Amino acid sequence: MTRKEKTFPYQLYLVISKNDCKNKNMLHVAEQAILGGVDLIQIREKKLSYELFLEEAARLLEITTKYGVPLIINDNINIAIQLDTAGVHVGNNDIAPTQIRKIWNEPSKLIGYSIEYMDQLKSDDCIVSDYLGISPVFLTPTKKDTVTEWGLSGITKIRKNTDLPLIAIGNIHKENIRSVIKAGADCIAVVSAICSAIEPQKAAFELKNEILK
Ligand SMILES: Cc1ncc(COP(=O)(O)OP(=O)(O)O)c(N)n1
Ligand SMILES: Cc1ncsc1CCOP(=O)(O)O
Ligand SMILES: [Mg+2]
């Protein structure tokens, strides 16, 4: 399966962890978010052991499978392979997309790749990826180890240089989501706007409505 044969019909992307859900149950937040309109989920656990990450991802996979929502694993290719998830998301400090294609010989699997420098757009890693994360669009307390704050102008610049689906991430909420779409993003990824919301289903619904406007 070539990238051109793959579609990317996702517009609202939830990136979730237990920690980001604070006092709420992560699996419940994920389910509520799906009911509200999230159509792709990434599990991003930066501090868990392999076993605990695997266990949590397996539980989440039961829910996402029930609703037909693809699950992406952050960073950990071995967990993605072991659970046969829909894909994996990596950045510049992780295993490279070209390497992933060599060890995970399943062309249908989605590889997401974070863009932190313009130069990356010319790389083979982009060629073998299925979508690019514009990381971050706006500075965010959720992830402090970032390089470039792309802003809206950065999205537009990247849009002019690639046909790959563009996922905007970083401090996006219902007040600025329209402007991010207008700047050229295909899909919006959020952590706090859903995980920190008092009503995650309502929050997802409102974000999705803004995207679809
Ligand atoms: C959709 C999406 N875009 C960007 C990122 C950031 O990935 P990365 O640069 O590998 O940083 P960490 O998430 O590993 O801290 C992402 N996770 N998802
Ligand atoms: C994982 C990640 N990658 C770039 S910014 C970010 C965190 C986004 O979190 P929030 O939506 O809370 O700003
Ligand atoms: Mg990473």
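A crossover between two strands is right-handed if, with the strands pointing away from the viewer, the path from the first strand over the helix to the second runs clockwise. Helices (H or I, at least four residues) and strands (E, at least two) are DSSP runs, numbered from the N terminus. This is a predicted model, in which local features need pLDDT of at least 70, side-chain atom pairs count only at pLDDT 80 or more, and totals for chains, interfaces and linings use all residues. Residues are numbered from 1 along each chain as its sequence is written, and chains are lettered from A and ligands numbered from 1 in the order in which they are written.

Start with strand 4, residues 87-90. Strand 3 (residues 71-74) runs parallel to strand 4, with three bridges joining them; two strands pair if DSSP finds at least two bridges between them. Ile72 is opposite Gly87 of strand 4. Together with helix 3 (residues 77-83), strands 3 and 4 form a right-handed β-α-β unit.

Strand 4 is also parallel to strand 5 (residues 110-115), here with four bridges. Val88 has Ile111 of strand 5 as its bridge partner.

A residue is buried if 20 or more other C-beta atoms, placed from the backbone, lie within 10 Å of its own, exposed if 12 or fewer, and partly exposed in between.

Strand 5 contains Ser114. An unreviewed UniProt entry lists a "binding site" at positions including Ser114 and Lys143; such annotations may be inferred rather than shown by experiment. Ser114 counts as buried because it has 21 C-beta neighbours inside 10 Å. Lys143 lies in the loop between strand 6 (131-134) and helix 6 (151-161), and is partly exposed because 17 other C-beta atoms lie within 10 Å.

Pro136 is in the loop between strand 6 and helix 6. A cis peptide bond, with omega about -5°, links Ser135 to Pro136. Most residues other than glycine have a negative phi, and most peptide bonds are trans. Asp84, in the loop between helix 3 and strand 4, has a positive phi near 55°.
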